[in-house]
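Work through the exercises below. Each one has a task, then a solution in steps.

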Amino acid sequence: MKQIRTWLLGLALAALLVPSAAFAADIKIGFLVKQPEEPWFQVEWKFADKAGEELGFDVIKIGVPDGEKTLNAIDNLAAAGAQGFVICTPDVRLGPGIMAKARANGLKVITVDDRFVAADGSYMEEVPYIGMSAEKIGRQMGEALFTEMKNRGWNMDDVSVMMTTFEELDTTRERTDGAIAQLTEMGFPADRIYKAPIQQRMEIPTALDAANTLLTRHPNVKYWLVGGPNDNSVLGAVRALEGWGIAVDSAIAVGINGTDCIGELEKANPTSFYGSILGLAGVEGYESSKIMYYWIKDGKEPPLDTRTVGRLITRENFRQVLQEEGMD
Ligand code: GLA
């Protein structure tokens, strides 16, 4: 009796295992992101999964907030049978270490959003990269701020710019540099553009701290234009302005990403967050995984540098734009 039961159990187990083994995707790719709580990266994951479903591969999604977790994740991916991974690293200087670890495990690598840098500070151009046209998107933010200032008829003498910055990371430095260049080229006085450097990670609380420090130094500004490297960096500054009791219609804030500010744009009562330059997180997630898949499957070498564009969204048009971009 005991024997029969064991045999039956074996049969049941086999029935469970065989079909899944037979249908399991042969190709598995990892998708590692530095801030899995940020909607930008959730959108990338969602579209990576979409590519996997359409083309027939598995996506193993792992949050990697620090270097140790990143290196462990690479070992785990290899153990799980992955052949490559897409990554937005928590620190671009980990690039050489990540590449060494990937090579040791026989894994292919594509970077997304944040580009690896070598020990001498130069980009690791040999590693395929997909990310924003950072300067251009920054310029769009600067232009949106300047144009809305004009629309409101503010006297420019009464206006200052608060630019939250994260200059340790090249892509985010290029965005805020682009915004500042655009504002000055459009005629905004450079000496009233103030930077508020964010410490460590771009999150709402760290941006709020950076903005508070700046507001302490400039308590008498009548109107503010607010920009920054991404939505959370700008939302933190908006919260700081609110904390200082600055009226909603005395500030115009524009972010970048467009994914992390939807709740803000949906608020029944407008805040000073005017809009954002929507980036193509979905395209980046989909394309990076697709390119990785064909690299593994057919040996098709990926392009080394692919850039994505942005588009202004505001309370008025965000629903429609998200729909047009397939991101709603
Ligand atoms: C960086 C930022 C993200 C997002 C991406 C876009 O990784 O941290 O918020 O802006 O760039 O490429």
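**Exercise 1.** Where does the ligand sit?

The model is predicted; local features need pLDDT of at least 70, side-chain atom pairs count only at pLDDT 80 or more, and totals for chains, interfaces and linings use all residues. Residues are numbered from 1 along each chain as its sequence is written, and side-chain values use heavy atoms, leaving out hydrogens and water.

Step 1. The ligand sits in the largest cavity. A cavity is a set of points, on a 1 Å grid over the protein atoms alone, where a 1.4 Å probe fits but cannot get out. To sit there, more than half of a molecule's atoms must lie within 2 Å of the grid points.

Step 2. Residues around the ligand (a heavy atom within 4 Å) include Lys 34, Asp 114, Arg 175 and Asn 230.

**Exercise 2.** Find side-chain N or O atoms that lie by an oxygen atom of the ligand.

Step 1. For Asp 114, the distance is 2.7 Å.

Step 2. For Arg 175, a polar side-chain atom is 2.8 Å from a ligand oxygen.

Step 3. For Asn 230, the distance is 2.9 Å. The ligand alone exposes 310 Å², and the protein buries 100% of that (Shrake-Rupley method, 1.4 Å probe).

**Exercise 3.** Is Lys 34 buried or exposed?

Step 1. Locate Lys 34: the loop between strand E1 (28–33) and helix H2 (39–55).

Step 2. Lys 34 is buried because its relative accessibility is 11%; buried means under 20%, exposed over 50%.

Step 3. Its side chain makes a polar contact of 2.7 Å with that of Asp 114 (N or O atoms within 3.5 Å, one able to donate a hydrogen and the other to accept it).

Technical notes
Helices (H or I, at least four residues) and strands (E, at least two) are DSSP runs, numbered from the N terminus. Buried means under 20% relative accessible area, exposed over 50%, partly exposed in between (1.4 Å probe, protein chains only). On a 1 Å grid over the protein atoms alone, a cavity is a set of points where a 1.4 Å probe fits but cannot get out, and a pocket is an open set with protein on both sides within 12 Å along at least five of seven lines; lining residues have an atom within 4 Å of a point.
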